[in-house]
Amino acid sequence: MDSLAPMINGFGVVLEPTNLLYCLIGVVIGMLVGVLPGLGPAATIAILLPLTFGIEPVTAIIMLAGIFYGAQYGGTITSVLLRLPGEASSVVTVFDGHVMARQGRAGTALGIAAIGSFVGGTVSIVALSVVAPLVAGFALSFGPPEYTVLALLGILLVATVGNGGRVKALVAAGLGLLLATVGRDTFTGAERFTFDSLALADGLDFVPIAMGLFGIGEILHNLEQRHRAVSGAVKVTNTWPSRSDLRQSSGAIARGSVLGFVLGILPGGGATLASMASYALEKRRSRTPERFGRGAVEGVAAPETANNAAATSSFIPLLTLGIPANATMAVIFGALLIQGVPPGPQLVSQEPELFWGVINSMYIGNILLLIMSIPLVGLFVRILRIRPAILAPITVLITLVGVYTVRNSVFDIVLVVVFGALGYLMKKFGFEPGPLVLAFVLGSLLESSLRRSLLLFDGDALGFATRPISGTLLLLLLVVVLLPVARMLWSRRTAPADREKTRTGA
Amino acid sequence: MGPGPAKRTAPEAGEASGGAPAPDGPGAPDGPEGPGPAAAPPGPPAGADPVQDAEPGFEEAPEPPRPRTNTAVALVVTAFGAVGCLGSWSLGPGTPAEPAAGTWPLVVCAVITVLGCVLLGTARRTADTEAFSAASWKILAGIGTMAGFIALIGTIGFEIPSALLAFVWLRFLGGESWRLSAVASVLIVAAFYAVFVGLLSVPIPHLF
């Protein structure tokens, strides 16, 4: 394999002191965010975007990636000790993890989770190093029609697999696509939806939208809810799992790694889905399923392995196709664009330092997390005592001042607040902001690919079906659209009284 | 503000329950109106009521359907799509062979309009909206402080607006004590000044 040399050079990039430092900063912030309920990784990365302007692209992405997978570790701690999942991807860990903690086996649960996370993450990075260049090489031949269908597929999958109502997620995605058209049309130069405002003529910027929807929106939403004051945490002893625990959970860790890796690649999959799927898988496979929910060590090992594996592999679609697989990846996509590095198949060959630097930094990050997560458990639990009432104004001010620093524009602060209010209302009315941000990021790619394809096909939409790759993708797209509709009709026929259409059963 | 049940969720955590079926009973009558700031008394200080949030989100009670809220949401979406269609049409709809500036927005807006109609059709069954609670006044107050921040930063710099914002959030939205709020808001601004003006020398408007 001739790609070995740039991969090894990537390690050189990671071992530069600055990059090591930012990797450490990233994973520590990630763990903190994971521990604190409320702000998720997407929101944190969005809020910290302005800080990445001054630093090198590799360094910036290494830090942001560290936040993402670091959060998967941190979320475990509160799930196990306090029954408070810090992240959505750690929700299933609560079932067995907290029971273990009450049985006095908190240390074992945390230890096995850390080991599982490390194994899952590492397996996923190795697989990523093999798969990503292949996918990127394959994708180099993609033309506008392929990108049109691929972007559509990505948006649809994220909208249909995510939380909340499918239709509402699609509405949010549509709004994102529409927001992406604001400003001067690149083909004709016509001004679209600018309402004669000079500030809108260049289009909406990604940063205030992401910071507003994820950052301010979540803070406002949290204002209404009172988080429980954290009291006396469980004492943690004996964090190294016993040999029988390890033997019992080794199968779960192995299966969780594979399942997490596969689900992470799929758009819309990601860490949350992977953790739930692997928990369900272990419970179904187990000869003693009644142990699950009563402190089964596999019930902690499987989801924690899978969510880390998935967090890592969800970088593949972003780094190889330029299609973010979930909301957090959409924010990292935005960060890459800001740095002047358009993500896509040419990234591996044109920016090998960035590509391999970021991937290899994940090894280091996972080792750092494994080292830190056990001895620092007490510290992270103590951080939970900081009341959200004190953190909220600080986060708001970081957002407001931070967004100003990007372009020195008061208008951007206005945008952040407007999109913050929108994000709050969306959450209130059952719309997820994730699909909106994702669709906004992909909007201009989708529109320009579509228009180029239509020019290419002379207006004949059947052209998409006649090219082999775009045809296959189109078929997939149809399956994604028609499957839920068919299932809906089916369930309406079989159980007309008992239905809840709008929740995804994924 | 409707008499809907107090809603407590950990965001994004609802899926774990496997989607409990919503009761098909009559939805609590709940208007789509926004949080009335005058009607709500200030809630008790946050954090002083540990029972309120004792259950993590994955065991949340299913929300009752709120047909009126859902219908209003669906109508807003449909109207938005329709207005968008008109706006896109005026940009020039083009043809498939020769797409114009308005072609793509027109397609997107048409899809939004159709989706709005679908939402309208399912308004009686969906149960994914949250009721505005007695604490919703905080949201308006929070947005108000940010609006004040924007209005003031251009003329008097970021220090005073930041301190005011932090104080309001700590004392009134967060329910911290007067003394802690005053001290913390000054400390926060000092830290921001040190980082943004001192360390990063960001050209943010500042007084001193």
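I take helices (H or I, at least four residues) and strands (E, at least two) as DSSP runs, numbered from the N terminus. The model is predicted, and I kept local features only at pLDDT of at least 70 and side-chain atom pairs only at pLDDT 80 or more, while totals for chains, interfaces and linings use all residues. Residues are numbered from 1 along each chain as its sequence is written, and chains are lettered from A and ligands numbered from 1 in the order in which they are written.

**Chain B, helix α3**

I looked up α3 of chain B, residues 137-156: its 20 residues reach 28 Å from first to last C-alpha, close to the expected 28 Å (1.5 Å times one less than the number of residues). Just after α3(B), I found B:Gly157 with a positive phi of about 80°.

I then checked burial (buried means 20 or more other C-beta atoms within 10 Å of the residue's own, exposed 12 or fewer, partly exposed in between, with C-beta atoms placed from the backbone). The buried residues of α3(B) include B:Trp137, B:Gly142, B:Met146, B:Phe149 and B:Ile153. An α-helix has 3.6 residues a turn, so residues three or four places apart point the same way. The buried residues of α3(B) pack against α4 (159-173) of chain B and, in chain A, α9 (206-224), α18 (388-407) and α19 (410-428).

**Chain A**

I counted 22 helices and 2 strands in chain A. Its radius of gyration is 22 Å, close to the 23 Å from the globule rule for 506 residues, so chain A is as compact as a globular protein of that length (C-alpha atoms; 2.2 Å times the number of residues to the power 0.38). I noted 61% of the 506 residues as buried.

Technical notes: Contact = placed C-beta atoms within 7 Å.
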